[in-house]
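User: I've got a model open and want to talk through its charged side chains. Can you walk me through it?

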Amino acid sequence: MLVGTVTVEVSEVISRLLKARKIPHNVLNAKHHQSEAEIVRGAGQLGAVTIATNMAGRGTDIKLGEGVLHCRKCCLKCTDKDCGACENDHDMTEECLADVPCGLRIIGTERHESRRIDRQLRGRSGRQGDPGASEFFISLEDDLMRLFAPERIAKVMTTLGVPEGEVIQHPLVTRAIGRAQTRVEGHNFDIRKHLLDYDDVMNQQREVIYAQRLNILEGGDLRDEMAEIFADIVERLVDRHIDPGDIQEKWDLGGLRQTMLRIFLVDVDFSKTDVAGLTREGLIENLGRAAWSSYERREEQLTPEVMRRIERLVFLQVLDKGWRDHLYELDRLREGIGLRAYGQKEPLLEYKREAFDLFMGAIETIQEESVQLLFRAHIQAPPQPEQRVSGQQAMHAQAPTAAQTAPRPAPGGATSSSTPVPEFGAPASPGGGRAGATPGLAGRTRAAEPGERQRREPVKRTEKVGRNDPCPCGSGKKYKKCCGKDQ
């Protein structure tokens, strides 16, 4: 017997009721991952009771065990064809199938919102010619009937005086259940379609971003795109700081100068320019020419090959960061866009309009940050890997010569013994001390002649002499009164 439930909570409630009746059973509700296969394998054995959610639907094959297939009443699975004990030697009717005592019996505690799930649960019985039957129980107080079924059903039952708990098998109820499931399926379809409409907005923007990203990854030349980006940025900056309808005294030329210096590293001194004769188009042309001249100087300084590589790295980094930030903004917009319906506005149209504005703002931010970073990027050579010095090489390290250790005369005839400071960027010695010195190595060193390698003398380890022990020098006195007197 397989008992189907809609939710995990219902399966646990039924499990507690069966435990109170001391009926052995198993629960299959995705909470016991280790024993799921064992539960499914034992669900078709004789006398087995299994409580399962819709996870026991499509894809679960319950094989019937010994004593479950054989039935003397209808001989659906008679192993002996010549037994002569079969009484019902005719085509099986609905009455016969409803009273079949063998096979797998499906019991549905309530109807699912989707008819497809109900069919999958019924399909666990009667597989490949095996006997079986299914039966569903539903109450007029279930969520499906309470929310989506017509109210006239309850009124009809009240009018007819049907007592509470009476089994109702009228076709009117069956049709009402089917219509309720159809309404739920249509409602869920509208929800999925509505989600798809929202996702299409993000998908269109994703295609634009991914096309640009693919062009960068494939190593495309961005010089032509840089010319268009420069022109767009300059035009936006001019429109942001000046209004052609106002008088020139109200133009924010100081802010425009600071913005050009921040993005393009171009200092435009408007005090030396005839502002009276400037127009919007002329200002855009002059600033665009100045910005592109700065770009060409930058390219000449770094070489075109290095410039193309820097452009790809910078734009790829800024593009990924800007797209992530834009996705966060879309998520925040999506959370509260449904409240626009209270203002008699269509939430989907409002979402499309504001999502487009956010996307254009993200594109502008990506362009400005990329150009700003492009003019400030520097090429730095990778650090050279430090060569490991073996112990033998360290022991035979070259000692400083007399010419290197001799003090150098300072200006004016004075003698200076200070160590010269290395130039900026020059690699320091691995030990951080004088050349030839080997820090961290115990032992004594002797003075080396010029050109001779320094050698370490072996260190002799002796036991510590006590103060009252005989002096090792052989004088016969105690160590504290002889060689250890000054210690």
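This is a predicted model: local features need pLDDT of at least 70, side-chain atom pairs count only at pLDDT 80 or more; totals for chains, interfaces and linings use all residues.

User: How many salt bridges does the count come to?

Analyst: The pairs counted here have a Lys or Arg side-chain nitrogen within 4 Å of an Asp or Glu carboxyl oxygen. One of them joins Arg236 and Glu364, at 4.0 Å between the closest N and O atoms. By this rule, the count comes to 23 salt bridges.

User: How many residues apart in sequence are the parts that Arg213 and Asp320 tie together?

Analyst: The two form a salt bridge, with their closest N and O atoms 2.7 Å apart. Arg213 sits in helix α7 and Asp320 in helix α11, so the parts tied together are apart in sequence by 107 residues.

User: Is Arg308 buried or exposed?

Analyst: Arg308 meets Asp221 in a salt bridge, 3.6 Å from N to O. That pair links distant parts of the chain, with Asp221 in the loop between α7 and α8 and Arg308 in helix α11. Asp221 counts as exposed at 52% relative accessibility. Buried means under 20%, and Arg308 has a relative accessible area of 13%, so it's buried.

User: Which helix holds Asp232, from the patch of negative charge?

Analyst: The patch is on the surface, where Asp232 gathers with Asp224, Glu225 and Glu228. Asp232 is partly exposed, at 35% relative accessible area. Residues 223-241 make up the helix where Asp232 is found, and that's α8.

Technical notes
Residues are numbered from 1 along each chain as its sequence is written. Side-chain values use heavy atoms; hydrogens and water are left out. Patches are made of residues with over 30% relative accessible area and no salt bridge: like charges are joined within 9 Å, nonpolar side chains (Val, Leu, Ile, Met, Phe, Trp, Tyr) within 5 Å. Accessible areas come from the Shrake-Rupley method with a 1.4 Å probe; for residues, only the protein chains shown count as cover. Lys and Arg count as positive and Asp and Glu as negative; His and the chain ends are not counted. The place of a charge is taken as NZ of Lys, CZ of Arg, CG of Asp or CD of Glu. Helices (H or I, at least four residues) and strands (E, at least two) are DSSP runs, numbered from the N terminus. Buried means under 20% relative accessible area, exposed over 50%, partly exposed in between (1.4 Å probe, protein chains only).
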